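Subject: Structure handover and notes

Hello,

Here is the structure I said I would pass on. Please look it over before reading my notes.

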Amino acid sequence: GYDIRPTIAVTKAHIDFPEVKDAIRTGRIVPDGKILKEDGQSMVTKAAIEPVWYLPGIAERFQCTEQALRQALFKETNMMYPELLTRTDIKLFLPPIGGLTIYIWGDPATIPDESIPLTVRVHD
């Protein structure tokens with residue numbers, strides 16, 4: 001066995017938002033030079049997130065059996081994923097839907113600490 005787990009792609013990014021530049025120009029936001037530069041460029045952490053469904057948990061939420069959920073997903077995806085029925089040992093499903101990108105202003109390590117301000121913008 002291989003230990004293959006779903007992941008997200010994370011990188012540092014420099015991003016320009018016209019609305020932020022306008023806010024600087026009108027004085028609503030003051031650049032700190034660290035996260036927000038004088039020219040309006042934001043220093044952010046960018047993360048691409050793909051959905052991963054844990055089938056037993058979803059079945060529990062829908063109050064159905066995992067097998068019923070698998071059969072419904074198989075049918076509703078036009079039978080594109082036979083492994084839903086043949087590989088019941090696989091508990092994760094990567095649905096054929098788009099993911100999303102988030103931009104984080106501030107230190108991502110502080111996300112769990114609710115006393116520290118953090119801004120996240122969902123994109124896509």
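Predicted model: local features only at pLDDT ≥ 70, side-chain atom pairs only at ≥ 80, totals over all residues.

Residues are numbered from 1 along each chain as its sequence is written, and side-chain values use heavy atoms, with hydrogens and water left out.

Overall

The protein chain has four helices and six strands. Helices (H or I, at least four residues) and strands (E, at least two) are DSSP runs, numbered from the N terminus. Their order from that end is β-α-β-β-α-α-α-β-β-β. The chain has 124 residues, and 25% of them count as buried. Buried means under 20% relative accessible area, exposed over 50%, and partly exposed in between (1.4 Å probe, protein chains only).

The protein chain exposes about 9100 Å², of which carbon and sulfur atoms supply 57%. These areas come from the Shrake-Rupley method with a 1.4 Å probe; for residues, only the protein chains shown count as cover. As for contacts (heavy atoms within 4.5 Å), take those in the protein chain between residues at least 6 apart in sequence: 51% of them join residues at least 24 apart.

Helix H1

H1 covers residues 18–26, and its buried residues include Val-20, Ala-23 and Ile-24. These lie on the same side of H1 because they cover an arc of only 100° around the axis; the arc is that of the directions from the helix axis to the C-beta atoms. The face turned away from that buried side carries exposed Pro-18, Arg-25 and Thr-26. Just after H1 comes Gly-27, with a positive phi of about 85°.

A salt bridge here is a side-chain nitrogen of Lys or Arg within 4 Å of a carboxyl oxygen of Asp or Glu, and the structure holds five. One of them joins Asp-22 and Arg-25, with the closest N and O atoms 2.7 Å apart. Both residues lie in H1, three residues apart, about one turn of the helix. Asp-22 is partly exposed at 34% relative accessibility, whereas Arg-25 is exposed at 63%. Another salt bridge is between the side chains of Asp-16 and Lys-21, at 3.9 Å from N to O. Asp-16 counts as partly exposed at 40% relative accessibility, as does Lys-21 at 36%.

Helix H3 and what follows

H3 runs over residues 66–76, and its buried residues are Glu-66, Leu-69, Arg-70, Leu-73 and Phe-74. They are on the same side of H3, since they cover an arc of only 135° around the axis. Their cover includes strand E3 (53–54), helix H2 (55–61), helix H4 (83–86) and strand E4 (92–93). Lys-75 and Glu-76 are exposed on the other side of H3.

Thr-77 sits in the loop between H3 and H4 and is buried, at 13% relative accessibility. Its side chain reaches the backbone oxygen of Phe-74 at 3.2 Å, a polar contact (a pair of N or O atoms within 3.5 Å; within protein, one must be able to donate a hydrogen and the other to accept it, and residues adjacent in sequence count only if both atoms are side-chain atoms). Also just after H3, Asn-78 takes a positive phi of about 60°.

The loop between H4 and E4

Thr-88 is in this loop and is partly exposed, at 36% relative accessibility. Leaving aside neighbours within four places in sequence, Thr-88 contacts Glu-66, Gln-67 and Arg-70. Asp-89 forms a salt bridge with Arg-87, the closest N and O atoms being 2.7 Å apart. Asp-89 is exposed at 52% relative accessibility, and Arg-87 is partly exposed at 38%.

Surface patch

Val-52, Tyr-54, Leu-92 and Leu-94 make a nonpolar surface patch of about 360 Å². Patches are made of residues with over 30% relative accessible area and no salt bridge: like charges are joined within 9 Å, nonpolar side chains (Val, Leu, Ile, Met, Phe, Trp, Tyr) within 5 Å. Leu-92 is found in strand E4 and is partly exposed, at 36% relative accessibility.

Regards
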